[in-house]
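Could you walk me through this protein, one part after another? I would like to start from a single residue and work towards the inside.

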Amino acid sequence: MICATVLVKNGRTAAGTQRWRCPNCGSSAVRKRPDVTRREQLRRFLEWLSSNEPQPRLGDTSTGRSFRYETAWCWDIQPTLGPSTKTHHAILVDGLWVGTWCLLIAVSDQLDVLGWQWCGSESVAAWTALLQQIPAPAVIVSDGGTGLPSAIRKCWPETKHQRCLFHIQMNISRHLTFKPRTDAGRALLGLSKALSKVHTTDDAIQWRVQLDQWWQAFGHLTKERTVIRDGKFWFTHERLRKAWQLLARVTKDGTLFTYVTYGNPRTTSPLEGGINAQIRTRLRAHRGMTEPHMKRAAEWYLTLHELSINDALSHANQHTANPTHPTPESAEEPDTPTLYDTGLNAEEGLWTRAGWAGPS
């Protein structure tokens with residue numbers, strides 16, 4: 001080290017670090033590798049984030065406080081998967097609320113995470129930003145989020161759209177309840193449940209015939225109106241009307257039986273139960289995080305769903321442990337008098353007081 005001689009290994013320190021010794025002069029030293037230290041800190045951080053264990057139970061001698069101190073820089077790393085280049089037959093999309101932010105997620109029919117997008121609400125712009133990251137598939141499956149149909153027509157005009165049958169059935173049940181009191185409500189609820197038994201083209205045609213028969217028998221109820229107050233009219237069977245309009249709209253748009261022709265998934269349940277539920281589980285296990293940390297934890301879960309921890313560690317080589325932020329340059333003082341300032345002057349009426357506070 002001092003006499004420029006090649007060092008040799010000389011045991012380890014009490015902390016387990018390799019000690020090196022100069023065979024010529026006998027001096028010893030310990031080499032420090034900040035990059036290896038950061039890599040190990042990030043590995044422990046990701047192992048904790050991808051598990052349900054609290055910080056004090058990490059299997060080492062550090063406490064939760066020291067762990068947070070050592071891995072505080074890891075929250076600054078923003079994980080990415082890179083652009084998706086492979087074209088998939090079917091893509092499932094859904095939105096998940098994390099705090100006050102909505103996380104839009106897109107996965108393939110094999111549950112491969114393709115991309116995500118943060119937004120304030122499910123708007124056309126937000127869905128467009130997500131769809132532009134992915135090559136156009138043959139079919140997209142969704143729960144009917146606001147703004148998505150317009151984004152599909154804009155980004156993927158040739159892609160077919162499949163509405164999630166489970167969400168349609170749940171919306172119908174919400175309008176009619178699980179035990180409707182009228183014959184029309186019970187018949188429409190039965191048609192909603194029968195959607196699960198449609199598997200072929202003949203089944204779909206038969207279901208459409210039954211829906212038309214329901215309209216012939218009970219359609220007039222959706223148009224009846226009643227005086228509610230101040231001479232104003234409103235629909236007598238409003239919930240029945242909403243349930244009918246939902247089924248009629250998805251049937252007219254051609255988004256109800258796309259799976260019969262293209263063989264795509266007919267629900268978004270694999271995404272909601274396989275990805276969204278796990279994100280909620282991780283956030284619940286590590287509850288107490290700030291909103292920015294909750295967002296970063298969700299991003300890391302989506303990343304680790306596709307990459308191993310070792311591949312994710314190589315992603316950290318592009319980041320520094322202590323990122324520096326540029327210091328803004330101070331503006332030069334103008335030579336002319338300021339028009340607006342924080343100082344007091346007599347023109348503001350603060351020096352001459354009247355009343356009990358004024359001079360006697």
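Where does valine 30 lie? Valine 30 sits in the loop between strand S3 (28-29) and H1. Please keep in mind as you look that this is a predicted model.

Setting aside neighbours within four places in sequence, valine 30 is in contact with Thr13, Thr17, Gln18 and Arg19. Take threonine 17 as an example: 13 residues separate it from valine 30 in sequence, and the two C-alpha atoms are 7.4 Å apart in space.

Now step back and take in the whole chain. You can find 12 helices and 10 strands in it. Of its 360 residues, 37% count as buried. Among the contacts with a separation of 6 or more, 56% are between residues 24 or more positions apart.

What happens on the inside? In soluble globular proteins, nonpolar side chains tend to be buried together. Here, the largest nonpolar core has 35 residues, and the members that touch the most others are Phe45, Ile275, Ile279 and Leu302. Several elements each supply at least two residues of this core, including helix H1 (34-49), strand S5 (101-108), strand S6 (113-119) and helix H10 (269-285). The largest share, 7 residues, comes from H11. To see how such a residue is surrounded, look at leucine 302: leaving aside its neighbours within four places in sequence, leucine 302 is in contact with Leu81, Leu103, Ile105, Val113, Trp116, Ile275 and Ile279. There is also a second, separate core of 25 residues, and Leu191, Leu247, Leu256 and Val260 are among its members.

Next, pick out helix H5 (residues 165-176). How many of the 12 residues of H5 are buried? The count is 9, so H5 is largely enclosed by the rest of the structure. Among the buried residues are Leu165, His167, Ile168 and Leu176. The buried residues of H5 pack against strand S8 (160-163), helix H6 (183-194), helix H8 (238-253), helix H9 (258-262) and H10. Just after H5 comes threonine 177, which takes a positive phi of about 70°.

The largest pocket holds about 330 Å³ of space. Of the 15 residues that line it, Pro149, His161, Asp253, Gly254 and Thr255 are the closest to its centre. Helix H4 (148-155), S8 and H8 each contribute at least two residues to this lining. By class, the pocket lining divides into 4 nonpolar, 6 polar and 5 charged residues.

A search of the whole structure also finds 1 cavity of 30 Å³ or more. About 50 Å³ of space lies in the largest cavity. Which residues line the largest cavity? They are Leu49, Ser50, Arg282, Ala297, Trp300, Tyr301 and Leu304. Helix H11 (residues 291-306) gives the largest share of this lining, with 4 residues. The classes in the cavity lining are 5 nonpolar, 1 polar and 1 charged.

Conventions
Residues numbered from 1 in each chain as written. Predicted model: local features only at pLDDT ≥ 70, side-chain atom pairs only at ≥ 80, totals over all residues. Heavy atoms only, no water. 1 Å grid on protein atoms, 1.4 Å probe; cavity = no way out; pocket = protein on both sides within 12 Å on 5 of 7 lines; lining within 4 Å. Points joined across faces, edges and corners; volume = space filled by probe spheres on them. Nonpolar A, V, L, I, M, F, W, Y, C, P; charged D, E, K, R; others polar. Core = buried A, V, L, I, M, F, W, Y, C linked by side-chain atoms within 4.5 Å. Buried < 20%, exposed > 50% of the residue type's maximum accessible area, 1.4 Å probe, protein only. Contact = heavy atoms within 4.5 Å. Expected span 1.5 Å × (residues − 1).
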